[in-house]
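Please examine the sequence and the structure shown below. The paragraphs that follow lead through them step by step.

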Amino acid sequence: MKVVSGDRRDDAVPHKVTLSPIYTPMATIKCDGRAQFRSQQARDFACLLDLDPDVARWNTAPPPLRNGDDEYQVDFIVLTEGGSFLIDVGQEEPMPPIWLSAQIESMGHRYRSVAMVDFAESVRLQNAKDLLRYGFYRPPLGDRIRLLAGIEEMGSLTIAECLSAIQEGRPMPTLASLILQGFLEVDLDDDLLSPESQVRRIRG
């Protein structure tokens, strides 16, 4: 999974569970169940999960982890082709109790901790958040077929060319939705999306 940082273990720092519906963007793509985030940092990381091709699905309801009287809550359970992960997200690197990783492994998962400060200048994160603004939009069938046919013929089109080809729906929401649904792809890592960004068809 591309977006997950490596493990670190340190002294326990308890997590306070505060669920709020106000974290943005609101739309999710691969969330299994209701999305309830404990922080904006967790919400931002979920944007990366939604645009990670290695991620099949994720949810925000992993079971609380207990060791005697100690309890610890992580943010996500994430399923990939390579296995399942329990993900711990913070602005800085989370510092879980020393028993946590072994317990997670005994459950058949792997543990990952994520410091969102590492993504402060991430072009991929900004592009993911921009696209997910349109996550609730469903493009007209005619526009989908028209764009896929055009890209099939040309090999690729720029974002500007794609927008000009959309006739039935709203141009940017239509294009963003087709990217989020896995019909089309753009390079999310090189630069912020622009009129010149190349759009290609995803096969399979």
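At 0% relative accessibility, Phe-76 counts as buried, where buried means under 20% relative accessible area, exposed means over 50%, and partly exposed lies in between, with a 1.4 Å probe and protein chains only. The model is a predicted one, in which local features need pLDDT of at least 70 and side-chain atom pairs count only at pLDDT 80 or more, while totals for chains, interfaces and linings use all residues. Residues are numbered from 1 along each chain as its sequence is written, and side-chain values use heavy atoms, with hydrogens and water left out.

The predictor's confidence in each residue is expressed as pLDDT, from 0 to 100. For the protein the mean pLDDT is 90, and 89% of its residues reach 70 or more.

The protein contains 6 helices and 9 strands. These elements are DSSP runs numbered from the N terminus, with helices (H or I) of at least four residues and strands (E) of at least two. Of the 204 residues, 46% count as buried. Among contacts with a separation of 6 or more, 63% are between residues 24 or more positions apart.

We now return to the aromatic residues. A pair of aromatic rings is described by the distance of the centres and the angle of the planes. Rings of Phe, Tyr and Trp (its six-membered ring) pair if their centres lie within 6.5 Å; planes under 30 degrees apart count as stacked, over 60 as edge-to-face and the rest as tilted. A search of the whole structure finds 4 aromatic pairs. One of them joins Phe-37 and Trp-58 in a tilted arrangement, 6.1 Å centre to centre with 40° between the planes. This pair links distant parts of the chain, since Phe-37 belongs to the segment before helix 1 (40-50) and Trp-58 to strand 1 (residues 55-59), 21 residues apart. Phe-37 is buried, with a relative accessible area of 6%, and Trp-58 is buried at 1%. Another tilted pair is formed by Phe-45 and Phe-76, with 5.8 Å centre to centre and 50° between the planes. Here too distant parts of the chain are linked: Phe-45 lies in helix 1 and Phe-76 in strand 4 (residues 76-80), 31 residues apart. Phe-45 is buried, at a relative accessible area of 0%. Ring pairs link Phe-37, Phe-45, Trp-58 and Phe-76 into a cluster.

Helix 1, which carries Phe-45, is mostly covered, with 9 of its 11 residues buried. Its buried residues include Ala-42, Arg-43, Asp-44 and Phe-45. They pack against strand 1, strand 4, strand 5 (83-90), strand 6 (110-115) and helix 3. In the segment before helix 1 lies Pro-25, and the peptide bond from Thr-24 to Pro-25 is cis, with omega near 0°.

Helix 6 (residues 171-180) is likewise mostly covered: 8 of its 10 residues are buried, among them Pro-173, Leu-175 and Leu-178. The cover over these buried residues includes helix 3 (123-132), helix 4 (141-154), helix 5 (159-165), strand 8 (184-186) and strand 9 (198-201). Just after helix 6, Gly-182 takes a positive phi of about 90°.

Where does Ser-156 lie? Its place is the loop between helix 4 and strand 7 (157-158). Ser-156 counts as partly exposed, at 21% relative accessibility. Although Ser-156 and Gln-198 are 42 residues apart in sequence, their C-alpha atoms are 6.3 Å apart in space. Leaving aside neighbours within four places in sequence, Ser-156 is in contact with Ile-151, Gln-198, Val-199 and Arg-200.

On a 1 Å grid over the protein atoms alone, a pocket is an open set of points where a 1.4 Å probe fits, with protein on both sides within 12 Å along at least five of seven lines; lining residues have an atom within 4 Å of a point. The lining comprises 17 residues, of which Leu-51, Pro-53, Arg-124, Glu-185 and Ile-202 lie nearest the centre. Helix 6 and strand 8 are the elements that give two or more residues to this lining, and the largest share, 3 residues, comes from strand 8.

Conventions
Contact means heavy atoms within 4.5 Å.
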